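Try each one before reading its solution.

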Amino acid sequence: MPGPKRFSVRRKRVCKFCAEKITYIDYKDGKLLGHFIPERGKILPRRISGVCSTHQRLLAEAIKRARHIAILPFVSD
Amino acid sequence: MRNYEVVFVAAPTLASEELDGFINHIQTVVEGKNGKVVKVDNWGKKSLAYKIKRFREGYYVVLTIEGDGDAIAELERRFRVTDYIIRYISVRIDEDLKRSEKIKAARQRKASVQAPAEPSSDAESEQEISPNP
């Protein structure tokens with residue numbers, strides 16, 4: 001069922017990783033992962049980022065690894 | 001034989017010669033376990049996302065290692081007993097790379113199937129244009 005169209009915020013629908021044909025998300029690439037980390041340092045849900053489920057899984061793993069070696073923060077504000 | 005990627009973070013107080021010495025030491029440890037250090041990537045001093053042992057910076061070194069699990073186990077044991085190593089992570093990468101290659105190969109196959117169709121459509125459009133003069 002489509003929701004009310006008029007007032008909904010338009011979001012990116014295409015998965016960034018599918019579009020750029022990325023098959024392996026590197027946990028050492030802080031710049032790339034930083035796009036999926038909002039201010040609080042949480043992992044951006046895919047309903048907002050539009051990342052597909054396959055890539056979201058890889059992304060979450062990469063972010064967790066990056067946090068461990070202090071490339072990304074666990075919490076930030 | 002498996003491929004691993006090992007990243008370790010050394011304390012910023014460490015002298016660069018000491019770091020080089022430690023990297024050489026690691027290579028002998030890995031070779032002692034019938035492994036091989038394929039690549040050493042020294043990122044230099046980088047700021048940490050959060051404080052570790054009161055340090056705000058650290059030397060990042062990325063190693064690509066070919067070897068078996070016991071080489072990595074020995075390496076991790078060394079990391080734990082070495083005071084100036086503040087963080088390490090070892091990740092097995094061969095399966096991820098294999099998966100990545102598989103997807104790429106499938107994509108190329110798909111592209112090569114579609115590719116012959118495209119020039120023919122171009123040729124048709126050229127034929128349509130050519131009768132004009």
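This is a predicted model: local features need pLDDT of at least 70, side-chain atom pairs count only at pLDDT 80 or more; totals for chains, interfaces and linings use all residues.

**Exercise 1.** Over how many bridges do strand 2 and strand 3 of chain B pair, and in which sense?

Residues are numbered from 1 along each chain as its sequence is written, while chains are lettered from A and ligands numbered from 1 in the order in which they are written.

*Solution.* Start with the terms: helices (H or I, at least four residues) and strands (E, at least two) are DSSP runs, numbered from the N terminus, and two strands pair if DSSP finds at least two bridges between them. Strand 2 (residues 36-52) of chain B pairs with strand 3 of chain B in the antiparallel sense, over eleven bridges. Next, find a partner: B:Val37 is bridged to B:Ile65 in strand 3 of chain B. Finally, look at the turn: two residues lie between these strands of the hairpin, and B:Lys53 there has a positive phi of about 50 degrees.

**Exercise 2.** Find the residue of strand 3 of chain B that stands opposite B:Val7.

*Solution.* First, strand 1 (residues 2-10) and strand 3 (residues 55-67) of chain B run antiparallel, joined by nine bridges.

**Exercise 3.** Is A:Ala70 buried or exposed?

*Solution.* Locate A:Ala70 in the segment after helix 4 (53-68) of chain A. Its phi is positive, about 60 degrees, though A:Ala70 is not a glycine. Now count: A:Ala70 has 24 C-beta neighbours inside 10 Å, so A:Ala70 is buried (20 or more other C-beta atoms within 10 Å of its own, placed from the backbone; exposed is 12 or fewer, partly exposed in between).
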